[in-house]
Structures are given as structure tokens and as C-alpha cells.
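Dear colleague,

Here is the structure I promised to hand over. My notes on its two ligand sites follow below.

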Amino acid sequence: MADTLTFLGIESSCDDTAAAVVRHTMGQPAEVLASIVEGQTALHARFGGVVPEIAARAHAERLDHCVERALAEAGLRLSELDGIAVTAGPGLIGGVLSGVMLAKGLTAATGLPLVGVNHLAGHALTPRLTDQLAFPYLMLLVSGGHCQFLIAHSAARFERLGGTIDDAPGEAFDKTAKLLALPQPGGPFVETEAALGDAKRFAFPRPLLDRAGCDMSFSGLKTALLRARDAIIAEKAGLTLQDRRDLCAGFQAAVADVLAEKTRRALAIYLEQSPKIPAFAVAGGVAANSLIRAKLETVCAENGTEFFAPPLRLCTDNAAMIAWAGLERFRAGESNDASLSARPRWPLDATAAPLLGSGKKGAKA
Ligand code: KG4
Ligand code: ZN
């Protein structure tokens, strides 16, 4: 196999239409030659969530443009690539199908190898794209659609230690923002309000801390916030700005405490396996939260584990992570033929117990 490989990646599993080109030479850091992401936020805004049919249609309309833009930015023709990687699941099936069909068409026309990638593997392998992390490392995926701890043992083997049994934390931030009349996506607005609030005023629960293991739950927290909000409204006929700040601060502190404690437990399991260079990476939109990030960094420091957080543009949905994951699988001798199918559910660790629930952004498999 050539020392240098250049892959096109295609991503369309949720509400971002994306294409990217990644190049990697053995023993060197990978290069993202182009990464195009076209979000669909405006298309879904008035529906209060992602509408699968609208998403699928937009992907079908925009994917080929994204691929053209990515190739133009990388200064490459299709014939100069070594393979095409595409998200084959999990996600909203119409969108995943759009990507898989395009990738199959392109590989049939060019004769290039086709690699179907698990979207979550794309997220979980990103610290190798950005920081060349060595296996095994511990990973926390924490976004609007995902929340799970994984030990990445290889590009094909991920051990799931636990995850949310209901909402993902980003979803909880978004719902909190909605309940408090803040704009969407709510995470950054809740964080800004929380910075001016008193986190101790409301005693919000820390769900599932009394249960062993690394599973989490965030939907009760949202209910507690709703009750606290309604109690204030019943008493004073409205919320003051300070009430809203205090509610945000209390909510954010509860999420941060739960994530920190569960990370402590996940690290204990990971460190028992005696990794040579202990490393922990966090990915997903919620990793942008400075309180959460600081708490996770502290837990890592206390446990002699190096902390990594890839740049946000590579840990929110993008196609560079898909190109990279495909490239890694291809190096390991794997590829797919034209029978590759789109999978709405596709757990990364088939041996772990299935997760309950599925969020606004599709299956959290
Ligand atoms: O990874 P991402 O861009 O998309 C997916 O969910 O796949 O994550 C977006 C989520 C949203 O729910 C958003 O509210 C949350 O990440 N988020 C934050 C912050 N910035 C984004 N949550 C808390 N604090 C933030 N600063
Ligand atoms: Zn994602």
C-alpha cells in the first residue's frame, strides 16, 4: 500500500451536508486539504427540530456541490484520490442514503475503493487526525445527539463504557434555553447567562450518580428546571433576569458535575487496562462549554491522564473525520463493495447493551 493516501469523505447523516479531502503519509500528521460543511439550521428552524424529509432533500440537492467545492479547494481531481469514504450510519436514513448513493456512483465511475464509515467512529477517531493519539485512549462524545464513553482500541474496535439513557447533554442545554426563552442552539446562550448566575440557588439533581457505572440521564434535570421556573412564575408572575441566570447556572453546574463524576469512573476502568500513555479526548459541541471542559481537565490531571480536545470545527459534524476514519480502515485492509447499505442504527460496540431513547438528531446508537 502507498505510504501516502488521499481520501474524499462524505457526511450526510443529520443536518450538515459535508465533504472533505484528507491526506496522510505514514508516520506524519494528517492534513485536512479541504473541509466543506453546509449546515441546514435555517431550513429546520421554524419546526423546532430536524425534519428528516427536509434534511434528506437538502442533502440530495447539495452533496455533489459540496464534493466539487472540496475537490476544488484541495486542488485535486477525482482521479488523484486513493479512495472515497462515506458515512453509512447511524443517522437519519434518507440523508445517509443520499451520501451512500453518491459515493457508490463516484466509486463505480472512477474504480476507486469505497469505504463505509460509522459516523460515531468518525467522531471517536478524530483525536488521531488532530493529535495522532495512540490507541488505546478514552473518549467522551458529548453533543446534541451523542453522549457516550468509549475506549478506542483500534480503528475498528471501540469499547462502550456507558452513555446517556435518554437526552444528550446538548439536547438538555437546548431544551433549557427553550424553557427560558433563549435562542437556539441553546448551549452557548445558557453558558453566557450562567456566568452571571448563582449556581447554588437551586438544588438541581445529579441524576444517576447513585448508580454504579458510567450511564447518564439528563431528562430529569430538564424537568427539575421546568418545575423551578414554574414555581418562580407562580410566586412572582414572571422571571427576572437574575432568576434566569441562576436557573442557567444551577443547570450547567449539575450537567458539569455529572459529566465530571462519570468521567472519573470511566477513567478508572480505562486506567485498569494499563495504557502506556494514558489519554482522554472529548469531542462534540458541548465540549465548547468552559466549565465542563475545565472540570474534565481537572479530573484528567488528578488521574495522570493527558487531556485532548480537538478544535470545534473538527469535533462537530464534518466530513474530514469521515475521510480520516475511512483512510484508517483502508490502511487496515478493509473496504466495501457496491452492496454497502445505509444503516439508521449502528452501535459502535455491538457487545454493549443497547441504549434507550433517541434524540432529535436521530438514533444515539
Ligand atoms: O456536536 P454538535 O455541533 O452537533 C451535534 O449535536 O451533532 O453539538 C451541538 C450541541 C447543541 O446542542 C449545542 O447547544 C451544544 O452542542 N453546545 C453547547 C455549547 N456550545 C454548543 N452546550 C453547552 N455549552 C456550550 N458552550
Ligand atoms: Zn455527530
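**Ligand 1**

The side chain of Asp-174 has an N or O atom 2.6 Å from an oxygen atom of ligand 1. Please keep in mind that this is a predicted model. Taken alone, ligand 1 exposes 540 Å², and the protein buries 88% of that. Two elements, α5 (169–179) and α6 (187–194), each give two or more residues to the shell around ligand 1.

The shell holds 19 residues, and the closest are Gly-144, Asp-174, Gly-187, Glu-191 and Gly-285. By type, the shell residues divide into 10 polar, 5 nonpolar and 4 charged.

**The zinc ion (ligand 2)**

The zinc ion has His-119 (NE2), His-123 (NE2), His-146 (NE2) and Asp-317 (OD) as its protein donors, at 2.1 to 2.5 Å. Their spacing in sequence is H-x3-H-x22-H-x170-D. His-119 lies in helix α4 (residues 119–131) and His-146 in the loop between β6 (137–142) and β7 (147–152), so this pair ties together parts that are 27 residues apart in sequence.

Are His-119 and His-146 buried or exposed? His-119 counts as buried because its relative accessibility is 2%. His-146, at 13%, counts as buried too, the cut-off being under 20%.

Regards

Definitions and conventions. Residues are numbered from 1 along each chain as its sequence is written. Chains are lettered from A and ligands numbered from 1 in the order in which they are written. This is a predicted model: local features need pLDDT of at least 70, side-chain atom pairs count only at pLDDT 80 or more; totals for chains, interfaces and linings use all residues. Side-chain values use heavy atoms; hydrogens and water are left out. Donors are N, O and S atoms within 2.8 Å of the metal (3.2 Å for Na, K and Ca); water is not among the atoms, so sites may look incomplete. Helices (H or I, at least four residues) and strands (E, at least two) are DSSP runs, numbered from the N terminus. Buried means under 20% relative accessible area, exposed over 50%, partly exposed in between (1.4 Å probe, protein chains only). A residue is near a molecule or strand if one of its heavy atoms lies within 4 Å of it. A polar contact is a pair of N or O atoms within 3.5 Å; within protein, one must be able to donate a hydrogen and the other to accept it, and residues adjacent in sequence count only if both atoms are side-chain atoms. Accessible areas come from the Shrake-Rupley method with a 1.4 Å probe; for residues, only the protein chains shown count as cover. Ala, Val, Leu, Ile, Met, Phe, Trp, Tyr, Cys and Pro count as nonpolar, Asp, Glu, Lys and Arg as charged, and the others, Gly among them, as polar.
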